[in-house]
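Q: Could we read this model together, beginning with what counts as a contact and moving on to the cores and the sheet?

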Amino acid sequence: MSLRVPIINREVLDRVDTREIDENLTPEQHEKRRQLLEALREMRRVAVAFSGGIDSTVVAKAANLALGDAAVAVTADSPSVPRREVEEAQHLARQIGIRHIIITTNEFADADYVRNDGARCYYCKSELYSRVEELLPELGVDFICSGANLDDRGDYRPGLTAAAEHRVRHPLQEAGCTKADVRAIARLWDLANWDKPASPCLSSRLAPGVQVTGERTRRVEEAETLLRELGFRDCRVRLHEGELGRIEVPVDGLAILLDPQVREPLVRKLHKLGFQFVTLDLEGLRSGSLNVLVSLEQRRVFEQR
């Protein structure tokens, strides 16, 4: 892989107009946007872990505004990443104008990751950040940045432990940005995914204790594609022991799936994909709903790190 090493130009660093005003941002959000840009300018040369989600897209856009060619977006590709997400990351990077590379990560070769005991995300992020660290000299950057925002601190996030071990910076957190702030800034910058629902990796759909395999993540991806074809923009198919598929959609969409004309062909297709049992979660879509199955002992391991 041959990559161009950027030459830092002070004119590029100084080109951001931090006086930009928009009535859709509150004064506090304007200040957070300014702090985000300033934090990146101080880093001078950065690689953004870029999934194509709204958080990492805002960091990538800010890095490009603040640093120009001294910023690069790095997207990981593996069987846990939906094909559409890789394609969308490429499209967004072109829209932003940031340098962009895609690297292959090998978390599926890690027995600790495959075991899926509740710490899977730790091993996934460790693999990603290790791979990016190896490329730092070739990329010509000094820091790795993530898209973690302030709201992520209140959830079970083993990946943040891995980030700390690799000295990854979190510009959104440093600027005090919540998820709502991120969406407001993304809308100001006219980013195409400003209102995109969260889209965690496919392995996150497998309940703790269900071994991660490429065959299972592929089935989950195909199952969720069926739901999107029915009009569900935000949905999950969780895989539990016994090949039980648990469907989560927003509560106001439950009635659609209970209609026999929708339910019966959908169940047949899911059976054909290998789901032996198909259930509809009456609580509706919840981010991170499988975290409740992580043992207290495992949670304490990461609380202590």
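A: Contact here means heavy atoms within 4.5 Å of each other. This is a predicted model, in which local features need pLDDT of at least 70, side-chain atom pairs count only at pLDDT 80 or more, and totals for chains, interfaces and linings use all residues. Residues are numbered from 1 along each chain as its sequence is written, while side-chain values use heavy atoms, with hydrogens and water left out.

Q: Which residues does Val 58 touch, not counting residues up to four places away in sequence?

A: Val 58 touches Leu 36, Leu 172, Val 182, Ile 185, Ala 186, Trp 189 and Leu 191.

Q: How many residues has the largest nonpolar core?

A: A nonpolar core is a set of buried Ala, Val, Leu, Ile, Met, Phe, Trp, Tyr and Cys residues joined through side-chain atoms within 4.5 Å, where buried means under 20% relative accessible area (1.4 Å probe, protein chains only). The largest has 35 residues, and those with the most contacts inside it are Leu 36, Leu 40, Val 46, Val 58 and Trp 189. Helices (H or I, at least four residues) and strands (E, at least two) are DSSP runs, numbered from the N terminus; α3 gives the most to this core, with 8 residues.

Q: What is the strand order of the open sheet?

A: Two strands pair if DSSP finds at least two bridges between them. The open sheet of 4 strands has the order β3-β2-β1-β4, with parallel pairing, and its edge strands, β3 (99–104) and β4 (143–145), each pair on one side only. Strand β1 (residues 46–49) is joined to β2 (residues 71–77) by 4 bridges, and Ala 47 stands opposite Val 72 in β2.

Technical notes:
Buried means under 20% relative accessible area, exposed over 50%, partly exposed in between (1.4 Å probe, protein chains only).
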